[in-house]
Each structure stands twice: as structure tokens, then as C-alpha cells.
Amino acid sequence: MSESKLRQLISSSLFIPEKDLSLFIARAPVAYKSFFIAKKDGGFRKINQPAKETKKLQRWVIEKVFSHLDIHDCAMAYRAKVSIKDNALVHSNNKYFLKLDFENFFGSIKSEDIQNFLHDKKIKLDDDDVRDLARILCIKDEGKLCLSVGAPSSPAVSNAILYAFDEEISFWCLERKIAYTRYADDLTFSTKEQEACYSIKEKVKSILESMAYPRLKLNESKTLSLSKKNNIKVTGITVTSDNKISIGRKRKRFIRSQVYKYKKGELKPSSVPRLRGLIAFFEHIEPGAISKLEMKFGKELMVRVVKGS
């Protein structure tokens, strides 16, 4: 592919004049708006939202390049027709759990990692094209280019780059009858035998240290070793002692309280869409949930709540 071929392809696909496209690519790493959202466990998470033009380029790169690359079956986040329910179900029959977390996950995947990965995959692009792709996908953070939390491309890029890691961990776990899934930066391991959990963390560290890229490390403060005697949650879904999954008692109580307020005419109209979403989620995780609510509050009322009729 010639030096200008990639830009020609993007230009013709997105109807962007090449002169404008060159400017957009040059500005891409700094064309972000940053804001903060509250974390459930306290503190704030920084979100970097790319500009409209940058986001358009990122989506093109994902569609034309990264959507054709392998993603491991144990990578459960950001995949079509795969949900947090599927992630929890993998672990529902096990008793002992180990949860690990990557530190600064997206920020640890650098421009150089993306370029090395694309070269290793033998993508038919020359060096300038690969640098352009990495530039489109990365934010400039403290003088370095890396993936960002907030870019629509970061999840697909990280899943593709971590295929080799997921494959090695998954094979090691399979030999030891350990279930393994990764949801972005959250790694969950589960097993029926407690002893099987003891060597997992050191194995993960060993694999991370052996990887040429990206240079990831664990967030030691977020390591959790649990059994079903505890309140086990996998990506927010409760795994119960009878090998089922649930939205949890707290959410159920909240839903029932909101339906009761709706029945009394005390629920704000602006809160109804959220309630419908929660009920849909309840039904998705625990099929038959709406029928149980109908038994408690009446079918006619629940039809009004769910369908708005």
C-alpha cells in the first residue's frame, strides 16, 4: 500500500477531502473533551470524549480493520450478543472465586503497542499507515499516546490486542478446571476446589511480565478472594449459593418500592423510564421476574408500568 493509500481510502469512504483528513489525523490525539463521573465505590473516573470528526475516524478503523481480527471467547465485554449475564453464567456452578483487576487498563495500551500488534498480525499497511491508525485511536496523555476511556474504539482495540494473553490464561485454566473470563479490565476466575485458586495470581503476573506488549500490571488493591459464603458478584450480577444468578436483593427491593409508588401515583413521570429499564433488566437476568411482579401488584398495573398503556 502506498504512503497515501490509507488516507485515500478513508477520504473516499467518509467523503472527507484529503486536506481536511490530514488535519483531522494530526489533531486526533488532542481532539478530546474531558469530564468526570462518580464511581460506585467513591472517587471519580475521567472520561475523554473524542471530537465528532475523531470519533468518525475511530469507528471507520474499527469497522475496516479491528472487526476482522480475532477476539477470544473468554473476553466478554463489548461483543455483539454477549452480555454481563453470559459473563456471570460461566461462573455460576463454581464455589470459589478470585477477582483481579488491571491498573490503568486503557492508558497502559500505548500507540507503540498498537503499531507492533498490527505489524505482528501482518496487516497490509505500510509504516506510515500504521502510525496514522494508531494516532487516530489514541489520546495524548502526559506526552504519550495511549487508548482512552471514552473513545468508542478502545474496547475493540484492547480485546484484539489481548487475544494472546486471554488464550494463554484460558488454556492454563482449562487444564486445571478453572473458569476464566475477562470483562475489559476485570478478570474473574472460579473453581470448585479452593486450592486451585492459590496459584492463579502469580501465573497471571508471570504471563504479564513475559508479554512484549502491552505492559500491563495488576491493581493489587482490587484483588478479591471469595467463596459463595460471601455475596459474590460478577460484573454486577449476584451468583447465588444454589448456582443461579440474580440481580440481588437490594435491586429487587428498589424495583418493588418503585412499582408501589407508581401504583399510588407517587412516582415522578421522569422516573418511569428508568423503572421500565430496571424491570427489563430484571427479566433478562431472572426470566419470570415480571410474572412474579404481576402476582404481587396485578397484571393490569404491570402492563401499564412496562408498556405504558
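Me: Helices are DSSP runs of H or I with at least four residues, strands are runs of E with at least two, and both are numbered from the N terminus. In which helix is R253 placed?

Reply: R253 lies in helix α10, which spans residues 249–263. Residues are numbered from 1 along each chain as its sequence is written. The model is predicted, so local features need pLDDT of at least 70, side-chain atom pairs count only at pLDDT 80 or more, and totals for chains, interfaces and linings use all residues, while side-chain values use heavy atoms, with hydrogens and water left out.

Me: How many salt bridges does the structure hold?

Reply: A salt bridge is a side-chain nitrogen of Lys or Arg within 4 Å of a carboxyl oxygen of Asp or Glu. The structure holds 10 salt bridges. One of them joins the side chains of K217 and E103, at 3.6 Å from N to O. K217 lies in the loop between α9 (200–210) and β8 (224–227) and E103 in the loop between β3 (96–101) and α5 (111–120), so this pair ties together parts that are 114 residues apart in sequence.

Me: Which residue meets K201 in a salt bridge?

Reply: The side chain of K201 meets that of E220, at 2.5 Å from N to O. K201 belongs to helix α9 and E220 to the loop between α9 and β8, so the pair ties together parts that are 19 residues apart in sequence. E220 is partly exposed, with a relative accessible area of 41%. K201, K205 and E220 are also linked in a network of salt bridges.

Me: Where do K252 and E286 lie?

Reply: The side chains of K252 and E286 form a salt bridge of 3.2 Å, N to O. K252 is in helix α10 and E286 in the loop between α11 (272–285) and α12 (289–297), so the pair ties together parts that are 34 residues apart in sequence. E286 counts as buried, at 14% relative accessibility.

Me: Which residues gather in a patch of positive charge on the surface?

Reply: A patch is made of residues with over 30% relative accessible area and no salt bridge, like charges being joined within 9 Å. Areas come from the Shrake-Rupley method with a 1.4 Å probe. Lys and Arg count as positive, with the charge placed at NZ of Lys or CZ of Arg. The positive patch consists of K40, K233, R249, K250, R253, R256, K263, K264 and K296. Its largest share, 5 residues, comes from α10. R249 lies in α10 and is exposed at 70% relative accessibility.

Me: Which peptide bond is cis, and which residues have a positive phi although they are not glycine?

Reply: Most residues other than glycine have a negative phi, and most peptide bonds are trans. The bond from Y213 to P214 is cis, with omega near -15 degrees, and P214 lies in the loop between α9 and β8. F15 has a positive phi of about 55 degrees. F15 sits in the loop between α1 (5–14) and α2 (18–27) and is exposed at 74%. K81 has a positive phi of about 65 degrees. K81 is found in the loop between α3 and α4 and is exposed at 86%.

Key:
Buried means under 20% relative accessible area, exposed over 50%, partly exposed in between (1.4 Å probe, protein chains only). Patches are made of residues with over 30% relative accessible area and no salt bridge: like charges are joined within 9 Å, nonpolar side chains (Val, Leu, Ile, Met, Phe, Trp, Tyr) within 5 Å.
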